[in-house]
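Look at the sequence and the model first.

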Amino acid sequence: MKHSSTIARAARTLLLCACSQAGFAQTTLPISVAATGATGNASSSIVKGTPDLRWVVWHSAASDLVPGDTNGFEDVFRRDLWTGTTTRASLTTSGGEGDGNSRWARVSAEGRWIAFQSFATNLVAGDTNGVADVFVRDFVLATTTRVSTGPGAVQADGSSRYPMISRDG
């Protein structure tokens, strides 16, 4: 069965409206909510999802979508619509918070990898170029890698933005 989806903004909560091709069923699911189902306390934007509509990613300034979000910056989140769990993607490999805004998330088809842009300088060691970079978070290995580098891991001398990711990461 093919699905179509629409993303809508209702106050501070992003909603996913999905219906079957035949139009027999329509479901509206909240996306930018905490594990408790509570609406986030700040704006959320730019949702992308997997083809099966299991995983969705977005960025938000809300500080109450996951426990311990105290950095005061926009972060990238991933929500499993099958289990109702929300996790943060814009983290260091050791789980630390970023020290700058992260946004423009994209998700691989199975939800394992999230590509995103970030102004944070502490997501990986050696990020000293002072511009936005593109990172990939691997949710299986719990690692964050900067991918906007040249040969020999040379840092970009200008901002990298609007990341894309293949279906298989």
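## Cores and rings

The largest nonpolar core has twelve residues: W55, V57, V76, A89, A105, V107, I114, F116, A120, L123, V124 and F135. A nonpolar core is a set of buried Ala, Val, Leu, Ile, Met, Phe, Trp, Tyr and Cys residues joined through side-chain atoms within 4.5 Å. Buried means under 20% relative accessible area, exposed over 50%, partly exposed in between (1.4 Å probe, protein chains only). Strand 5 (55-60), strand 8 (102-107) and strand 9 (113-118) each give two or more residues to this core; strands are DSSP runs of E, at least two residues, numbered from the N terminus. Another core, of ten residues, lies apart from it and includes I31, V47, L65 and L81.

This is a predicted model: local features need pLDDT of at least 70, side-chain atom pairs count only at pLDDT 80 or more, and totals for chains, interfaces and linings use all residues. Residues are numbered from 1 along each chain as its sequence is written, and side-chain values use heavy atoms, leaving out hydrogens and water.

The structure holds three aromatic pairs. Rings of Phe, Tyr and Trp (its six-membered ring) pair if their centres lie within 6.5 Å; planes under 30 degrees apart count as stacked, over 60 as edge-to-face and the rest as tilted. Two of the pairs are tabulated here.

| Pair | Centre to centre | Angle between planes | Class |
|---|---|---|---|
| W58 and F77 | 5.8 Å | 25 degrees | stacked |
| F116 and F135 | 5.8 Å | 25 degrees | stacked |

W58 lies in strand 5 and F77 in strand 6 (residues 75-80), so their pair ties together parts 19 residues apart in sequence. F116 and F135 are both buried.

Key
Helix = DSSP H or I, 4+ residues; strand = E, 2+ residues; numbered from the N terminus.
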